[in-house]
Amino acid sequence: MLRVLHIFHNMGNGGIENFVMNYYRAIDREKVQFDFLTSVEEEGYFDEEIKNMGGYIYHAYPKKKNPIKNYLSIAKIVRDKGYQIVHRHTGSAISNIDLLAARHGGAEVLISHSHATQAGKKWLHYLARIIFRVKTEEFACSKEAGRWLFGKNDVENGKVQIINNAIETQLYRFNEETRRKVREEKNAKDKLIIGHVGNFNEVKNQTFIIDIFDIIQRKCENVELWLVGDGESREKIENKVEKLNLQNKVVFWGKRNDVSSIMQGMDVFLFPSLHEGFGIVLIEAQCSGLSCLASIDTIPKEVNITGNIKFISLDESAETWGKEVEKVLIKDMDRECGYKSIKEAGFDIKDAAKDLERRYLTYAR
């Protein structure tokens with residue numbers, strides 16, 4: 001059995017972590033096993049599941065406390081455990097430091113996997129691309145994410161390998177009975193539901209979502225907003241909802257492990273994110289047969305598999321976004337079509353996991 005070490009800064013419940021876990025659940029673990037390394041002391045969201053599937057979890061010396069000790073501890077873990085392949089998931093070239101540590105520890109194959117199209121400190125990212133050079137296999141969730149981390153030339157010459165943000169398509173396939181149950185749970189049988197799934201933070205732009213919804217609900221009484229997720233800015237969003245007196249029209253679902261079911265109950269999916277490497281949740285929403293509205297400035301167009309994503313600029317007002325949502329709300333959709341399109345486009349996790357498994361085993365020869 002080949003063991004591959006996946007490195008994250010921390011292992012929360014975000015899009016990148018869910019991406020890896022989707023592959024981990026689907027891959028043949030008798031051939032390839034995933035282990036995980038983080039640079040924080042805290043336990044991760046998926047720790048118990050990882051252990052149950054046979055994976056090991058390592059915590060390097062916290063990077064925030066001492067970057068040098070962190071580097072040396074990563075190298076030691078790689079050396080002591082004999083990892084041949086190390087796979088670093090990132091949105092910035094600063095993570096090359098971790099791959100250099102893995103090389104120092106004896107890893108033969110280093111994989112740098114881009115999941116973003118920008119980072120908070122752009123200057124640090126570009127500086128790291130120059131200073132912390134390391135030879136890697138180049139993975140990305142989209143061409144735009146590949147250009148961000150590795151450069152335009154590497155994308156154009158085929159050096160960057162696109163790894164689809166695949167999902168369990170059957171799980172997200174539209175089901176009328178599931179829709180009925182989830183809507184009954186929230187007493188929303190006859191309502192029009194605008195939905196959003198994402199961690200509560202600045203990037204996901206929930207504050208703008210509230211502005212958009214406020215515009216819509218003034219014109220349409222029978223409308224409700226469902227927000228699925230949790231995070232640092234949730235209290236801020238809850239306060240804004242109260243200030244606008246929208247408590248009876250906005251549902252905070254919190255963290256859920258049944259997002260696929262909740263999506264069945266939605267009518268429109270809203271995603272004005274400030275930046276995304278790809279936006280795996282948009283694949284899930286499309287597979288559920290939802291029409292989606294997303295930010296054109298910040299989300300790769302490759303995510304529009306079904307043709308059911310309307311892209312709008314973040315420079316447009318909440319009123320403009322609201323008008324587009326209203327158009328979609330009255331649109332009659334065949335929600336079964338999404339599943340077929342997503343599966344045929346190569347985003348079914350069973351097929352994608354076989355492809356990733358093949359790549360790992362090829363590297364190990």
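Is Glu184 buried, exposed or partly exposed? Glu184 is partly exposed, at a relative accessible area of 44%. Here buried means under 20% relative accessible area, exposed over 50%, and partly exposed in between (1.4 Å probe, protein chains only).

## Basis

This is a predicted model: local features need pLDDT of at least 70, side-chain atom pairs count only at pLDDT 80 or more, and totals for chains, interfaces and linings use all residues. Residues are numbered from 1 along each chain as its sequence is written, and side-chain values use heavy atoms, with hydrogens and water left out.

## Salt bridges within helices

The structure holds 28 salt bridges. A salt bridge is a side-chain nitrogen of Lys or Arg within 4 Å of a carboxyl oxygen of Asp or Glu.

Glu184 pairs with Arg180 at 2.9 Å, N to O. Both residues sit in helix α9 (residues 176–185), 4 residues apart, about one turn of the helix. Arg180 is partly exposed, with a relative accessible area of 37%. Helices (H or I, at least four residues) and strands (E, at least two) are DSSP runs, numbered from the N terminus.

Glu324 forms a salt bridge with Lys327, with the closest N and O atoms 3.4 Å apart. The two are 3 residues apart in helix α14 (residues 318–329), so about one helical turn separates them. Glu324 counts as buried at 17% relative accessibility. Lys327 is exposed at 52%.

## A link across the chain and a network

Glu224 forms a salt bridge with Lys191; the closest N and O atoms are 3.0 Å apart. This pair links distant parts of the chain, 33 residues apart. Glu224 lies in strand β9 (residues 223–228), and Lys191 in the loop between α9 and β8 (192–197). Glu224 is buried, with a relative accessible area of 3%. Lys191 is partly exposed, at 26%.

Lys63, Arg88 and Asp98 are linked in a network of salt bridges.

## Second largest pocket

The second largest pocket holds about 290 Å³ of space. Its lining has 15 residues, and those closest to the centre are Arg129, Val134, Glu138, Leu149 and Phe150. The elements giving two or more residues to this lining are α5 (122–131) and α6 (143–150). By class, the lining has 6 nonpolar, 3 polar and 6 charged residues.

A pocket is an open set of points on a 1 Å grid over the protein atoms alone, where a 1.4 Å probe fits, with protein on both sides within 12 Å along at least five of seven lines; lining residues have an atom within 4 Å of a point. Volume is the space filled by probe spheres set on the points. Asp, Glu, Lys and Arg count as charged; Ala, Val, Leu, Ile, Met, Phe, Trp, Tyr, Cys and Pro as nonpolar; the others, Gly among them, as polar.
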